[in-house]
Amino acid sequence: MSDLPRNAVSRTAKLAGLPIGLAGRTALGLGKRIGGKSAEIVAQEIQQRTADQIFRVLGELKGGAMKFGQALSIFESALPPEIAGPYRATLTKLQEAAPPMPAASVHRVLAADLGEDWRDRFASFEDRPVAAASIGQVHRAVWSDGRDVAVKIQYPGAGKALLSDFNQISRLGVLFNVLIPGLDPKPMLDAMRDRLAEELDYHLEADAQRGFAAAYAGDPDIFVPAVVDASDHVLVSEWMDGTPLSAVISHGTKAERDSAGMRFVRFLFSGPARAGLLHADPHPGNFRVLDDGRVGVMDFGAVDRLPDGLPPFFGQLLRIMHEENPDLDAVEKGLRENGFLRPGISVDLDDLRSFLAPLAEPSGVETFQFSREWMRAEAAQLTDLSGSNAGRKFNVPPSYVLIHRVALAGIGVLCQLECEGSFRAEVQRWVPGYADPLPAA
């Protein structure tokens with residue numbers, strides 16, 4: 001593989017081939033139905049084969065294609081069991097490995113960014129990558145002072161490939177509706193595109209990682225590796241061993257899954273309060289479980305900078321959902337002031353509860369059991385809402401979009417883990433406004 005843009009024609013052809021594959025599977029399925037096979041079984045076969053093809057192609061292409069595939073991983077827990085197993089296996093491969101960039105290309109990037117004498121910075125450097133991400137791959141090395149380090153190297157031309165892929169994927173909505181009924185990929189793609197420049201800036205990522213590392217130094221539950229060096233296209237961090245969270249999802253014991261889940265959600269919720277930062281890419285490939293039980297975090301290219309922490313209204317909304325008789329006038333006033341309620345629309349408490357249920361239900365009890373069954377029920381409800389008055393009434397304002405998406409993504413991972421724990425305690429501890437009533441109308 002050379003740099004990503006040089007393969008633009010090939011990349012476009014592979015992405016364009018996805019709907020052609022779906023058309024072929026659909027025609028074959030029609031023939032099976034005529035032959036007496038049930039519509040439900042045929043639909044399941046089409047969905048499974050579509051998932052296999054989508055994630056194989058997205059993983060091979062890297063760039064924006066792989067990044068979108070990783071983002072879709074949060075929906076795995078919403079799929080039926082007969083689809084989720086193969087889907088999960090494909091996602092694990094996507095998160096942990098992809099075709100490597102040739103060593104010669106790696107050396108060119110290192111020489112351009114660190115100088116022709118780049119090898120002098122390392123006691124040793126492994127040419128074969130140990131992991132691949134959407135815009136870069138990771139190599140293991142030993143820094144000149146003897147520290148084991150992870151060296152993330154950006155693919156040449158990654159920015160052009162990301163934009164090209166996003167534009168192409170946006171035309172494939174029908175595929176994702178087969179994979180996950182009701183899924184509209186446009187908001188996710190728009191959010192990724194908006195943050196493209198930030199994710200390509202390794203200096204900015206290094207600053208975010210340093211902020212998290214300082215905030216969690218010595219923490220008993222969370223580990224963030226220190227930044228060793230950074231340039232435009234190379235980021236060197238201290239090496240972090242551990243079990244991939246995807247492996248804990250697949251093979252972990254209940255105790256291991258419970259422990260990892262609560263530490264994972266603690267990190268997501270506490271980041272804005274402790275570091276003024278929200279990790280905005282919480283798919284399982286970005287987390288490890290260390291031997292001592294701590295959750296290790298990597299990849300800080302996508303973050304939301306919240307110097308004042310989470311907005312208090314977010315917590316107030318969650319708390320309102322647990323009241324039997326909330327002050328609807330105060331609720332409506334708060335929704336309007338914060339941009340959640342569209343002009344000319346009045347609030348309906350049942351609609352509001354439905355809109356917020358995936359976030360509010362786990363925090364309404366002392367201990368909550370996350371499960372794929374619960375997530376599938378919530379996903380079905382959200383799909384119904386998307387075409388209902390409730391779905392059209394409520395708006396997520398720009399300042400809350402990433403917060404809302406990270407919260408939903410985090411819950412998706414908790415359901416993949418099928419963990420149990422005091423989600424409510426984490427909300428109470430880290431989400432401002434949860435204990436505070438709304439001002440009277």
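Reader: What pLDDT does the chain average, and how many of the residues score at least 70?

Author: The chain averages a pLDDT of 78, and 68% of the residues score at least 70. pLDDT is the predictor's confidence in each residue, from 0 to 100. Over residues 1–6 the pLDDT is below 50. Where pLDDT is low, the predicted coordinates should not be read in detail. This is a predicted model, in which local features need pLDDT of at least 70, side-chain atom pairs count only at pLDDT 80 or more, and totals for chains, interfaces and linings use all residues. Residues are numbered from 1 along each chain as its sequence is written, and side-chain values use heavy atoms, with hydrogens and water left out.

Reader: How many salt bridges does the count come to?

Author: A salt bridge is a side-chain nitrogen of Lys or Arg within 4 Å of a carboxyl oxygen of Asp or Glu. By this rule the count is 20. In one of them, the side chains of R266 and D221 meet at 2.9 Å, N to O.

Reader: Where do R266 and D221 lie?

Author: Helices (H or I, at least four residues) and strands (E, at least two) are DSSP runs, numbered from the N terminus. R266 lies in helix α12 and D221 in the loop between α10 (202–215) and β5, so the pair ties together parts that are 45 residues apart in sequence.

Reader: Are R266 and D221 buried or exposed?

Author: Buried means under 20% relative accessible area, exposed over 50%, partly exposed in between (1.4 Å probe, protein chains only). Both R266 and D221 are buried.

Reader: Which residues do salt bridges with shared partners join into one network?

Author: That network holds D221, R263, R266 and E426.

Key. Contact means heavy atoms within 4.5 Å.
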